Amino acid sequence: QARPMESGGGSVQAGGSLKLSCVASSRSYGRSAVMGWFRQAPGKQREAVAVIRTDDGTTFSADSVKDRFTISLDNTKSTMYLQMNMLTAEDSALYYCAAASKPPWWNGGSWFNPVEYQYWGRGTQVTVSS
């Protein structure tokens, strides 16, 4: 399976928007794959931002980004997106694209646990200045 590849990071002022892209064929990871975005700020643990089921489009988002960030998937372009609006300095982090071959909850795992995801991109940096 190919490594996911992120793009779209950059620097923006607080209140601004960015749209991240992740190129990866969801079919590479299995029919019921889950793909998502995670982020890691310096000195902090990697945390889930949002994930999407590739078979039915069901999404899950962290409370901290609900109503501000939207995850979507375009299988025709093999691309997953993260639209980020109303950015704050607390959103500054290295953002990773990840994929799990099966929904983590099928084996009692959690959608927000990074260890449940087997495939990772190298990350794209998002910096929000206040």
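**Close-up views of a predicted model**

**View 1. Lining of the largest pocket.** Arg39, Gln40, Ala41, Lys44, Gln45, Glu47, Ala89, Glu90, Ser92 and Ala93 line the largest pocket. A pocket is an open set of points on a 1 Å grid over the protein atoms alone, where a 1.4 Å probe fits, with protein on both sides within 12 Å along at least five of seven lines; lining residues have an atom within 4 Å of a point. The space in this pocket is about 160 Å³, taken as that filled by probe spheres set on the points. The model is predicted, so local features need pLDDT of at least 70 and side-chain atom pairs count only at pLDDT 80 or more, whereas totals for chains, interfaces and linings use all residues. Residues are numbered from 1 along each chain as its sequence is written, and side-chain values use heavy atoms, with hydrogens and water left out.

**View 2. Salt bridges of Asp91.** A salt bridge places a side-chain nitrogen of Lys or Arg within 4 Å of a carboxyl oxygen of Asp or Glu. Asp91 forms one with Arg39, with the closest N and O atoms 2.9 Å apart; Asp91 lies in the loop between E8 and strand E9 (93-100) and Arg39 in strand E4 (residues 34-40), 52 residues apart. Strands are DSSP runs (E, at least two residues), numbered from the N terminus. Arg68 also forms a salt bridge with Asp91, at 2.7 Å between the closest N and O atoms. Arg39, Glu47, Arg68 and Asp91 are linked in a network of salt bridges. Asp91 is buried (under 20% relative accessible area), at 1%.

Methods
Helix = DSSP H or I, 4+ residues; strand = E, 2+ residues; numbered from the N terminus. Buried < 20%, exposed > 50% of the residue type's maximum accessible area, 1.4 Å probe, protein only.
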